[in-house]
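Colleague: I am new to this structure. Please take me through its aromatic pairs.

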Amino acid sequence: MSKQRVLTGITTTGTPHLGNYVGAIRPAIQASQKADVQSFYFLADFHALIKCQEPDLVHQSTREIAATWLALGLDTDNAIFYRQSDVPEIPELCWVLTCNAAKGLMNRAHAYKASVDANLDAGEDPDYAITMGLYSYPILMAADILMFNAHKVPVGRDQIQHIEMARDIAARFNHHYGEHFVLPEAVVDDNVAAVLQGLDGRKMSKSYGNTIPLFLPEKQLKKSINKILTNLLEPGEPKDPDTSPVFQIWQAFATPEQTAYMREQFAAGIAWGEAKKQLFELINGQLAEARDKYESLLANPAHIEEVLQKGAEKARAHSKPLLEKVREAVGIRKIK
């Protein structure tokens, strides 16, 4: 039986946070342990250039994210773990796909439309400060996925559109040049909140500055959790778990039994301070061992680079043959 190919990437524009862990890293590592799955995990450093023009930040983030995956137990003997920029076939495929992607499809991309709307609200030209990187971001994402003919791509609900676009681009290429690409499917874990809430109750995002870094030292983790937004309800007053960032984050880390317990505590009027204390203990208990491994890895960057180079070799064993077929299909071939 052929293995299902599962692909996941994280953009290297900041320190990994709890939202990255819950939404992408944890389910990806769990999937990598399945015998019937072939896993591809990558550091999306080309994507980072779309929204970050700070070279040192991109470099440091790449190091931190690689250390995070390894500290959390990614088996790089089983999974293919690589840096996007170490696979030159990806940007070449991106250009080929760009020549097959409809402009109208790109016009409908959520990120582009949101930027246009923000410009209009500010009284600016609709395309003010919008780069072609932002505009064509979905095509690079399609190249990431189609380069390895991934069957499944675990994403949050806010990323489903990009997988649908990759399907559209692949189908259009296949129609013109024959069957070369698998049509990927988005995988959303309904047992996990679609988007983890941050300190202010909005989506946990680096752009909002409301994240809780994954491997904060204990004291800083506790301090950060204590900053999570709550209302003014007093101890003893019932609280609504379904509107609380504290409960939502708890649920993302808890077992079903622990979730049911905390729901009862909210109904009984648990004090916010106590709820946050228990949340800290839950998260810290799950991450303490991995945090120690993470610090050791950061102190040994040469080992991280060695792992990534080995991963690139494995990735290119797949990408080079596929790109050769794509080149042949579109007519880029030796003159005979």
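**Aromatic pairs**

Modeller: A search of the whole structure finds twelve aromatic pairs, a pair being rings of Phe, Tyr or Trp (its six-membered ring) with centres within 6.5 Å. This is a predicted model, where local features need pLDDT of at least 70, side-chain atom pairs count only at pLDDT 80 or more, and totals for chains, interfaces and linings use all residues. Residues are numbered from 1 along each chain as its sequence is written, and side-chain values use heavy atoms, leaving out hydrogens and water.

Colleague: How are the rings of Phe42 and Tyr82 arranged?

Modeller: Planes under 30 degrees apart count as stacked, over 60 as edge-to-face and the rest as tilted. The ring centres of Phe42 and Tyr82 are 5.6 Å apart and the planes are at 20°, so the pair is stacked.

Colleague: Which strands hold Phe42 and Tyr82?

Modeller: Strands are DSSP runs (E, at least two residues), numbered from the N terminus. The pair ties together parts 40 residues apart in sequence, because Phe42 lies in strand β2 and Tyr82 in strand β3.

Colleague: Is Phe42 buried or exposed?

Modeller: Buried means under 20% relative accessible area, exposed over 50%, and partly exposed in between (1.4 Å probe, protein chains only). Phe42 has 5% relative accessibility, so Phe42 counts as buried.

Colleague: What is the relative accessible area of Tyr82?

Modeller: Tyr82, the partner of Phe42 in the stacked pair, is buried as well. The relative accessible area of Tyr82 is 0%.

Colleague: What is the angle between the planes of Trp69 and Phe81?

Modeller: Trp69 and Phe81 form a tilted pair, 6.1 Å centre to centre. The angle between their planes is 35°.

How values were computed: Helix = DSSP H or I, 4+ residues; strand = E, 2+ residues; numbered from the N terminus.
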